[in-house]
Amino acid sequence: MAKVEKAAGILSDPRNQKEEIQALQDTIYVIGGKWKLPIINSLCNGNKRFREIERSIPGITTRMLSRELKDMEANKLVKRTVIPDSPVLVEYTVTDYCQSFSDIILEMIKWGKQHRKKMKIR
């Protein structure tokens with residue numbers, strides 16, 4: 001699908017800047033910040049337990065990971081499952097709703113790699 005056709009399916013005619021800005025702000029609110037995308041990436045790479053996720057993301061604190069997972073669960077990006085075992089196990093997985101965001105994440109990774117090359121950042 002051409003970019004113009006794709007944009008036409010998303011943007012209103014005539015363009016409604018207020019609606020577009022609100023949609024961008026909503027997206028940034030839900031997935032913005034330093035940690036949410038790395039957490040999603042960690043979960044998509046197979047890390048399910050809290051400590052696995054924490055170890056896979058350099059620099060994140062236990063408190064911040066806990067806060068972000070709760071926020072992501074409230075926004076239906078992450079599912080928290082308690083397994084009644086001894087000891088109790090808690091696992092996190094991305095939801096289908098979060099999976100709907102995967103193409104955007106892949107494009108962001110692609111763009112970031114291209115940008116790094118363009119800026120010659122190591």
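This section describes the fold, surface, cysteines and one loop lysine of a predicted model.

The protein chain contains seven helices and two strands. Read from the N terminus, the order of elements is α-α-α-α-α-β-β-α-α.

The overall dimensions were then examined. The radius of gyration of the protein chain is 17 Å. A compact globule of 122 residues would have a value near 14 Å. Along the principal axes, the C-alpha atoms occupy a box of roughly 60 × 35 × 25 Å. Among contacts with a separation of 6 or more, 39% join residues 24 or more positions apart.

Burial and surface were computed next. Of the 122 residues, 22% count as buried. The charged side chains comprise 23 positive and 15 negative groups. The centres of these two sets are 9 Å apart.

The structure holds zero disulfides. For Cys44, the closest cysteine sulfur belongs to Cys98, at 5.8 Å. A disulfide requires the two sulfur atoms to lie within 2.5 Å. The sulfurs of Cys44 and Cys98 are therefore too far apart for a bond. Cys98 likewise takes part in no disulfide, and its nearest cysteine sulfur is that of Cys44. Cys44 is partly exposed, at 48% relative accessible area. Cys98 has a relative accessibility of 2%. Because the cut-off for burial is under 20%, Cys98 counts as buried.

Lys76 was considered in its loop setting. Lys76 sits in the loop between helix H5 (62-74) and strand E1 (78-83). Its relative accessible area is 57%. Exposure is assigned over 50%, so Lys76 counts as exposed. Beyond its neighbours within four places in sequence, Lys76 is in contact with Thr95, Tyr97 and Cys98. The exposed Lys76 thus touches the buried Cys98. Lys76 was also compared in position with Ile39. The two residues are 37 positions apart in sequence. Their C-alpha atoms are 14 Å apart in space.

Key: Residues are numbered from 1 along each chain as its sequence is written. This is a predicted model: local features need pLDDT of at least 70, side-chain atom pairs count only at pLDDT 80 or more; totals for chains, interfaces and linings use all residues. Side-chain values use heavy atoms; hydrogens and water are left out. Buried means under 20% relative accessible area, exposed over 50%, partly exposed in between (1.4 Å probe, protein chains only). Helices (H or I, at least four residues) and strands (E, at least two) are DSSP runs, numbered from the N terminus. The radius of gyration is taken over C-alpha atoms; the globule rule is 2.2 Å times the number of residues to the power 0.38. Contact means heavy atoms within 4.5 Å. Lys and Arg count as positive and Asp and Glu as negative; His and the chain ends are not counted. The place of a charge is taken as NZ of Lys, CZ of Arg, CG of Asp or CD of Glu.
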